[in-house]
Amino acid sequence: MPESIWPPPNFRLQLEELQAEGDAQNLVRRFTVRADGLAIYATASAAIEDAESKTKLPVLDRLCIYQLVPECVRGLSRRMDLYRQRMPSPEVGGKNGPDVAPPEGLSVVVHLRAFDASEDLLADRAVLGAMADMLATIAAHFPDGERLGVPGVAERGVANVLRGVPAPRADAAGALAALQAQLTKTPEDTGMLLEAFALAVHLGHRQAAAELLQRWKAATEGDQVRAFQDAEPKLTPAILERMLPRG
């Protein structure tokens, strides 16, 4: 029997749930799955901000890290591709669902990378069809009891598929330590470096934050990274330096 092509080595799934606040989109939940099965579920109760540019980074201080078995990540990656193919447009909010705003201005963006394709899928209203199936499938891989707030997802009735996943802990110092431990294995994970940096700044740990910033600079040399997928301004070293704790 031939070996499965799923997941491809570069597979990455990231779901971000955002809450509108004026013109800003504040991240409240992030869920990431890598090709090796590492899953990180986190919610943010605060953010750090650069006073000059008004750029914000979420403080993901309620965190859970767990490992999906190969069969699970294989099935998840394959289903994500099937749902993506069923969608008529990358921006499916207005096409896949009625024109009904989610509670409290919630929206969801799913970032998918597999093989040569990279796509961002937006749900900014109640969802139906392939987008609802995709979000329900992703949410079925959350820790037990965690839910998305976008209408149309719970109605899919997809049960949680995981067993033995610990509940997220609201512990900023513990979250920072967990991310730092993961960064010893994947030291150039720029997203994780930013998450750890925000936690270190929030905790007032200037030395740790400065070290994480230097690592982020090295990993993103020549690049600029957006604070959110559709937000301006882009992150620069100068913006992050102004966020460092005093003293």
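These legends describe an overall view and close-up views of a predicted model.

**Figure 1. Overall view of the protein, with six helices and 11 strands.** Of the 247 residues, 49% are buried. Among contacts with a separation of 6 or more, 63% join residues 24 or more positions apart. The exposed surface comes to about 12,200 Å², and carbon and sulfur atoms supply 49% of it.

**Figure 2. Packing of helix α4 (residues 190–203) against helix α5 (residues 206–219).** The axes lie 9 Å apart, at an angle of about 160°. Angles over 145 degrees count as roughly antiparallel, so α4 and α5 are roughly antiparallel to each other. The crossing of α4 past α5 is left-handed. On the α4 side, the contact is made by Thr 190, Leu 193, Leu 194, Ala 196, Phe 197, Ala 200 and Val 201. Their partners in α5 are Ala 208, Ala 209, Leu 212, Leu 213, Arg 215, Trp 216 and Ala 219. This contact comprises 12 nonpolar residues, one polar and one charged.

**Figure 3. The cis peptide bond from Trp 6 to Pro 7.** Omega is near -5° for this bond. Pro 7 belongs to the segment before β1 (12–21). Most peptide bonds are trans.

**Figure 4. Lys 54 in the loop between β4 (46–49) and β5 (56–59).** Lys 54 has a positive phi, near 65°, in a residue other than glycine. With a relative accessible area of 55%, Lys 54 is exposed.

**Figure 5. Phe 115 in the loop between β7 (106–114) and β8 (117–123).** Phe 115 is not a glycine, yet its phi is positive, at about 55°. Phe 115 counts as partly exposed, at 40% relative accessibility.

Note on methods:
Residues numbered from 1 in each chain as written. Predicted model: local features only at pLDDT ≥ 70, side-chain atom pairs only at ≥ 80, totals over all residues. Heavy atoms only, no water. Helix = DSSP H or I, 4+ residues; strand = E, 2+ residues; numbered from the N terminus. Buried < 20%, exposed > 50% of the residue type's maximum accessible area, 1.4 Å probe, protein only. Contact = heavy atoms within 4.5 Å. Areas by Shrake-Rupley, 256 points an atom, 1.4 Å probe, with all protein chains shown as cover. Axes fitted to C-alpha atoms, helices over the stretch in contact; angles between N-to-C directions. Parallel < 35°, antiparallel > 145°, perpendicular 65-115°, else oblique. Left-handed = near helix turned anticlockwise from the far one by under 90°. Nonpolar A, V, L, I, M, F, W, Y, C, P; charged D, E, K, R; others polar.
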